[in-house]
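Subject: Structure for you to look at

Hello,

Here is the structure I promised to pass on. Please open it first, then read my notes below with it on the screen.

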Amino acid sequence: MNKDLTVGKPEKVLWAFCLPLFGSIIFQQLYNIADSLVAGKFIGENALAAVGNSYEITLIFIAFAFGCNIGCSVVVSRYFGAKLYADMKTAVHTTLIFSGAVCAVLMTLGLIFQQPLLQLIKTPEDVLADSSLYLDIYIWGLPFVFFYNISEGIFSAMGDSKTPFIFLACSSLSNIAMDILFVTAFNMGVAGVAWATFLCQGISCLLALYFVLRRLAKIRIEDDRARLFSRRILGEIVRIALPSTLQQSFISVGNIVIQSVVNSFGASVMAGYSAAIKLNNLVITSFTTLGNGISNYTGQNLGADKPDRVRAGFKAGVRMVWLLCVPLVALYLLCGEALIRFFMNAPSVLAVESGLQLLRVVAPFYFVVSVKLAADGVLRGAEMMRAFMVSTLTDLVLRVALAVFLSGGMGTLGVWSAWPIGWCVATGLSLLFYLRKFKKQPVAA
């Protein structure tokens with residue numbers, strides 16, 4: 001059901017909207033974790049290393065899908081809040097056409113360059129073949145990733161966070177079952193993990209597209225007809241999507257550089273890092289998804305000319321992410337070793353120690369980075385993309401440079417220490433940009 005985020009008590013409205021998003025986060029992470037979990041448990045440490053190694057490259061593709069999601073979501077939420085339904089529908093159609101073209105280009109480049117890229121990041125020979133196989137299958141399923149993300153963004157822009165949650169829950173649980181089936185019953189190895197994800201993403205994508213287009217068809221337009229494509233609206237979408245895509249792409253490239261540093265320590269450290277980074281990404285993706293909810297809330301309220309509600313929404317968002325931080329930080333600090341071991345059947349001591357060390361270094365700083373991602377949600381929703389990019393790139397450059405520099409003298413501890421430093425500096429910048437824009441606005445009751 002579509003929901004107007006411009007009326008009602010801001011905190012109550014944001015909580016009601018973001019709770020299904022939080023449920024979606026859990027199932028989205030089950031998607032991401034399932035491949036590594038099944039690979040490590042049922043195939044072996046090298047398979048876990050291969051899936052984790054490939055995952056860093058898949059994040060480049062996901063960056064473009066995420067950018068299209070955000071660009072469409074922010075523009076659609078603004079038109080929805082302003083009740084300009086013809087422009088809203090045109091924005092949806094324009095995004096679908098544009099995203100299809102971008103996806104086709106990425107698939108072509110991915111299939112041509114994935115092998116050289118794996119070699120460029122120093123992928124060890126004993127995991128190279130499986131990494132390449134996993135990537136090949138993933139790239140063929142890229143249209144499903146793109147169009148599912150766009151559908152999810154459209155639902156969220158119209159205030160509906162429940163429908164994507166239902167699709168994602170069913171798809172994620174099916175993915176886990178198919179992962180296990182393909183690997184244990186059919187003995188398909190890493191290929192089975194990849195094909196399970198391909199099939200489940202495909203089904204969820206087609207269902208999401210069908211329901212979002214049906215939802216749009218029910219919205220009546222009285223005075224104007226929605227056009228199939230608009231260069232003006234494409235410009236609005238790209239203005240939001242491009243910085244978001246660049247942000248995620250730069251982060252992905254940075255993560256690949258960090259992955260290459262980790263690869264130099266051998267397969268055991270790679271396996272430990274793969275397990276720990278999945279757990280870390282669960283947290284960061286959770287904060288980012290809630291930040292996307294804040295973006296939709298901000299976009300709708302600015303579209304309805306209600307900027308006073310934005311500050312109240314940001315404060316409510318910070319309270320939400322901090323409530324999420326408390327159990328996650330406690331879990332990672334107290335039960336980190338058990339969580340790392342959960343990904344592997346017979347892990348080496350070095351694999352467990354490496355993953356546990358990463359979790360212990362970064363977990364206390366989740367309280368810091370969560371504030372940054374909440375502020376970033378407001379910046380995106382307000383279309384303050386230059387400020388958003390400055391903050392994000394500062395974080396990335398610091399993390400990558402420090403990871404490379406500190407690894408020489410401090411080993412893996414130096415690599416892990418780069419995360420908190422980058423987060424702290426970037427959080428300060430995001431807060432500064434947010435306060436410059438909204439500190440003079442009254443807070444809505």
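R399 and D395 are both buried. This is a predicted model, and in it R399 and D395 form a salt bridge, with the closest N and O atoms 3.0 Å apart. The two residues sit in helix α13, four residues apart, or about one turn of the helix.

Salt bridges that share partners also join R78, D87, R232, E236, R239 and E383 into one network. Within it, E383 pairs with R239, and their closest N and O atoms are 3.5 Å apart. That pair links distant parts of the chain, 144 residues apart: E383 is in the loop between α12 and α13, and R239 is in helix α8. E383 is partly exposed, because its relative accessible area is 25%, and buried would require under 20%.

In total the structure holds nine salt bridges. Another one joins the side chains of D160 and R215 (3.0 Å, N to O). D160 lies in the loop between α5 and α6 and R215 in helix α7, so this pair ties together parts 55 residues apart in sequence. Both D160 and R215 are buried.

Now the second largest pocket. Its volume is about 210 Å³. Which element gives the most to its lining? Helix α3 does, with six residues. The lining has eight nonpolar, three polar and no charged residues, including F61, L109 and F113.

L109 and F113 also belong to a nonpolar surface patch with V105 and I112, with about 380 Å² of accessible area together. L109 is in helix α3 and is partly exposed, with a relative accessible area of 41%.

Regards

Technical notes: Residues are numbered from 1 along each chain as its sequence is written. This is a predicted model: local features need pLDDT of at least 70, side-chain atom pairs count only at pLDDT 80 or more; totals for chains, interfaces and linings use all residues. Side-chain values use heavy atoms; hydrogens and water are left out. Patches are made of residues with over 30% relative accessible area and no salt bridge: like charges are joined within 9 Å, nonpolar side chains (Val, Leu, Ile, Met, Phe, Trp, Tyr) within 5 Å. Accessible areas come from the Shrake-Rupley method with a 1.4 Å probe; for residues, only the protein chains shown count as cover. A salt bridge is a side-chain nitrogen of Lys or Arg within 4 Å of a carboxyl oxygen of Asp or Glu. Buried means under 20% relative accessible area, exposed over 50%, partly exposed in between (1.4 Å probe, protein chains only). On a 1 Å grid over the protein atoms alone, a cavity is a set of points where a 1.4 Å probe fits but cannot get out, and a pocket is an open set with protein on both sides within 12 Å along at least five of seven lines; lining residues have an atom within 4 Å of a point. Grid points are joined across faces, edges and corners, and a volume is the space filled by probe spheres set on the points. Ala, Val, Leu, Ile, Met, Phe, Trp, Tyr, Cys and Pro count as nonpolar, Asp, Glu, Lys and Arg as charged, and the others, Gly among them, as polar.
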